[in-house]
Amino acid sequence: MAFTFFFRDMQTLETIRDHVLPTMRSRRYINIWDAGCAMGPEPYSIAIVLRENMGHMIFRNVKIYATDIDCSNLFGKIIGDGVYPGEQVKRIPKEIFARYFSPNGKPDHFIIAEEIRKCVEYQKHNLLTLKPVRNNFSLIVCKNVLLHFKEEERIEVIKMFHSSLSEGGFFATEQTQKMPEELNGLFKPVISNVQLFRKT
Ligand SMILES: C[S@@+](CC[C@H](N)C(=O)[O-])C[C@H]1O[C@@H](n2cnc3c(N)ncnc32)[C@H](O)[C@@H]1O
């Protein structure tokens, strides 16, 4: 099973809150792609951070396309149900947990609030097909996935992300992933200590 957990990278989530979210408020549709989402903690963490900082009406415009190659064929059901065992939710900040999770009937299992579940839609997708799941994304998050690809594949996948972002859209990846030099003209870094880039 893929390694992931809720609120795994708080610094990136806070950077999205501070630099991306203010540009979303004026948009009628806010489409986000979480590419390589594993069992869902990452797209659900993004959804919760946005909901915490957005009114109910604006949040209704948010749709997160969560995709993964998913060799286990289990992620669709896990993400669709939005139910996670106690072990996987124990690191979530207490107030957030109280607001968005409730017991679901099965011992030591918790279900995410419907408002959050409704905005995340899963589909199985292989990034190396180089076919985006749609266009006009405001934000693409692809973390701890690109490191598994060869340099040439990484470049082609990032080019695909660039072409499927809307004007001025954002791309976030993990801290250790540097933007390949060939692609420097396509994005500019938003801040120096987090790998968040804006389409130029
Ligand atoms: C370490 S997990 C990262 C999960 C999450 N993004 C995070 O950072 O917590 C890597 C994920 O990438 C997915 N993956 C690997 N190759 C892929 C591909 N070609 N297309 C889509 N997803 C892929 C794996 O199935 C796995 O779920």
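A pocket is an open set of grid points with protein on both sides within 12 Å along at least five of seven lines, whereas a cavity is a set of points where a probe of 1.4 Å fits but cannot get out. The structure examined here is a predicted model. In this model, the largest pocket holds about 450 Å³ of space. Its lining consists of 24 residues, and those nearest the centre of the pocket are A2, G36, D68, N144 and V145. By class, 11 of the lining residues are nonpolar, eight are polar and five are charged.

The ligand sits in this largest pocket. It is surrounded by 18 residues, with T4, R8, G36, D68 and N144 the closest. The shell around the ligand is made up of nine nonpolar, five polar and four charged residues. For K143, a backbone N or O atom lies 2.8 Å from a ligand nitrogen. For L127, the distance from a backbone N or O atom to a nitrogen atom of the ligand is 2.9 Å, and for I69 the corresponding distance is 3.2 Å. On its own the ligand has 600 Å² of accessible area, of which the protein covers 88%.

The second largest pocket has a volume of about 200 Å³. Its lining is formed by A2, F3, T4, F5, F6, M39, P41, E87, Q88, K90 and R91. Six of these residues are nonpolar, two are polar and three are charged.

Rolling a probe the size of a water molecule over the atoms shows where empty space is left. Across the whole structure, two cavities of 30 Å³ or more are found. The largest cavity has a volume of about 100 Å³. The residues that line the largest cavity are F5, F7, R8, D9, T12, L13, I16, E42, S45, I46, V141 and K143. Two helices, α1 (10–24) and α2 (41–52), each contribute at least two residues to this lining. The lining of the largest cavity comprises six nonpolar, two polar and four charged residues.

The second largest cavity has a volume of about 30 Å³. It is lined by L146, I158, F171, T173, Q177, K178, M179, Q195 and F197. Five residues of this lining are nonpolar, three are polar and one is charged.

Terms used:
Residues are numbered from 1 along each chain as its sequence is written. This is a predicted model: local features need pLDDT of at least 70, side-chain atom pairs count only at pLDDT 80 or more; totals for chains, interfaces and linings use all residues. Side-chain values use heavy atoms; hydrogens and water are left out. A residue is near a molecule or strand if one of its heavy atoms lies within 4 Å of it. A polar contact is a pair of N or O atoms within 3.5 Å; within protein, one must be able to donate a hydrogen and the other to accept it, and residues adjacent in sequence count only if both atoms are side-chain atoms. Accessible areas come from the Shrake-Rupley method with a 1.4 Å probe; for residues, only the protein chains shown count as cover. On a 1 Å grid over the protein atoms alone, a cavity is a set of points where a 1.4 Å probe fits but cannot get out, and a pocket is an open set with protein on both sides within 12 Å along at least five of seven lines; lining residues have an atom within 4 Å of a point. A molecule sits in a cavity or pocket if more than half of its atoms lie within 2 Å of its grid points. Ala, Val, Leu, Ile, Met, Phe, Trp, Tyr, Cys and Pro count as nonpolar, Asp, Glu, Lys and Arg as charged, and the others, Gly among them, as polar. Grid points are joined across faces, edges and corners, and a volume is the space filled by probe spheres set on the points. Helices (H or I, at least four residues) and strands (E, at least two) are DSSP runs, numbered from the N terminus.
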